[in-house]
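Student: I've got a model open and I'd like to learn how to read it. Can we go through a few features together?

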Amino acid sequence: MFNLKKAVKISLAVNEWNMDELASRMNRNRRTIESALYNGNPTLFTLSNIAKEFNLPLSEFIKLGED
């Protein structure tokens with residue numbers, strides 16, 4: 001099963017970013033990003049955009065979040 005929070009946490013750590021940095025790079029506010037991560041089912045488009053910011057193919061990003 002895919003764990004989005006885990007994938008983001010690992011990716012943030014690898015890049016030495018925090019959530020604010022990710023939000024800034026995505027031209028979104030932190031609340032918008034956190035809402036997508038924690039309050040629902042983000043779209044494939046959103047997941048793809050997050051992976052892109054980490055310079056990862058979506059498949060690799062998903063592998064980071066596998067439980």
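Predicted model: local features only at pLDDT ≥ 70, side-chain atom pairs only at ≥ 80, totals over all residues.

Student: How many aromatic pairs does a search of the whole structure find?

Tutor: First the idea: a pair of aromatic rings is described by how far apart the centres are and by the angle of the planes. Here the search turns up 3 aromatic pairs. Take W17 and F54: their centres sit 5.2 Å apart, with 25 degrees between the planes.

Student: Are W17 and F54 buried or exposed?

Tutor: W17 has 17% relative accessibility, so it counts as buried. F54, at 5%, counts as buried too. Both belong to one aromatic cluster, made up of F2, W17, F54 and F61.

Student: Now the helices. At what angle do helix 1 and helix 3 cross?

Tutor: Look at the axes: helix 1 (residues 4-15) and helix 3 (residues 30-38) cross at roughly 135 degrees, and their axes come within 9 Å. That angle makes helix 1 oblique to helix 3.

Student: Which residues meet there?

Tutor: From helix 1, L4, K5 and V8; from helix 3, A36, L37 and Y38. By class, this contact has 5 nonpolar residues, 1 charged and no polar ones.

Technical notes: Residues numbered from 1 in each chain as written. Heavy atoms only, no water. Axes fitted to C-alpha atoms, helices over the stretch in contact; angles between N-to-C directions. Helix = DSSP H or I, 4+ residues; strand = E, 2+ residues; numbered from the N terminus. Parallel < 35°, antiparallel > 145°, perpendicular 65-115°, else oblique. Contact = heavy atoms within 4.5 Å. Nonpolar A, V, L, I, M, F, W, Y, C, P; charged D, E, K, R; others polar. Phe/Tyr/Trp six-rings, centres within 6.5 Å; stacked < 30°, edge-to-face > 60°. Buried < 20%, exposed > 50% of the residue type's maximum accessible area, 1.4 Å probe, protein only.
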